[in-house]
Amino acid sequence: AELTTPSGGRFLAPFIVNPHSSRRQRIAVIANTIAWNAHNQWGGGSRLASFHPVPAGQPYELSFERPILDAPLFGGVSQSAGLTDRALRDFNQLARAEIWFTSTFDKLASLDPKYAFDVYSDLDFDQGIENLKDYAVVVLQGRPQYWTDRMRGNLEAYLAAGGHVVYSGSQGLMERVSVTPTGKLQFRKG
């Protein structure tokens, strides 16, 4: 969604809309909302830095109910921060990089329908995507750094059933996390 202000401000808010089961494509792209959340400093907490002390070895939880703060609190906020900012900064590797990726796929699909794709969040992948086996390929892109045991199990089952994976990301499947029954991201610090 594009959000604008009367003074000319512009911000793009990413949404992931799952496909209707009767109109699915052959390619499934997984968006890394867990990484977006883990590195989001909104409210004073992220995977890397927190204003809320947590004893070493204790679980640390982050809510998914936070807006994405693209400009890091600890690096200063730039005047043009957001998904529309073209300056190279660390925070561009998350949601913004994935939007660039899917925008490129959109252009390919407009030229050749075999590149049409569906997008799911990694939380969808955690819960299990219905008939995942029907996709010819699953694309992991951006920064799929944080994975749950269920995500890994779902990927292994998909591959065992003859599925294919295209990995065009960085720092993938590096850290085990979990999603609590109340829907919070949980990982260990320390």
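Which residue in strand 5 is the bridge partner of A28? The views below are of a predicted model, in which local features need pLDDT of at least 70, side-chain atom pairs count only at pLDDT 80 or more, and totals for chains, interfaces and linings use all residues. Residues are numbered from 1 along each chain as its sequence is written, and side-chain values use heavy atoms, with hydrogens and water left out.

**View 1. A28 and its partners in strands 5 and 6.** The bridge partner of A28 in strand 5 is D118; in strand 6 it is V138. Strands are DSSP runs of E, at least two residues, and helices are runs of H or I, at least four residues, numbered from the N terminus. Strand 3 (residues 27–31) runs parallel to strand 5 (residues 117–121), joined by five bridges. Four bridges link strand 3 to strand 6 (residues 137–142), also in the parallel sense.

**View 2. Side chains of strand 3.** Five of the five residues of strand 3 are buried (under 20% relative accessible area, 1.4 Å probe, protein chains only). I27, V29 and A31 point one way, A28 and I30 the other. In a regular strand the side chains alternate between the two faces of the sheet.

View 3. Four strands in the order 5-3-6-8 form an open sheet with parallel pairing (pairing needs at least two DSSP bridges between two strands). Strands 5 and 8 are the edges, each pairing on one side only. Helix 2 (residues 95–111) packs on the sheet and touches strands 3, 5, 6 and 8 (contact: heavy atoms within 4.5 Å).

Note on methods: Buried means under 20% relative accessible area, exposed over 50%, partly exposed in between (1.4 Å probe, protein chains only). Axes are lines fitted to C-alpha atoms, for helices over the stretch in contact, and angles run from 0 to 180 degrees between N-to-C directions.
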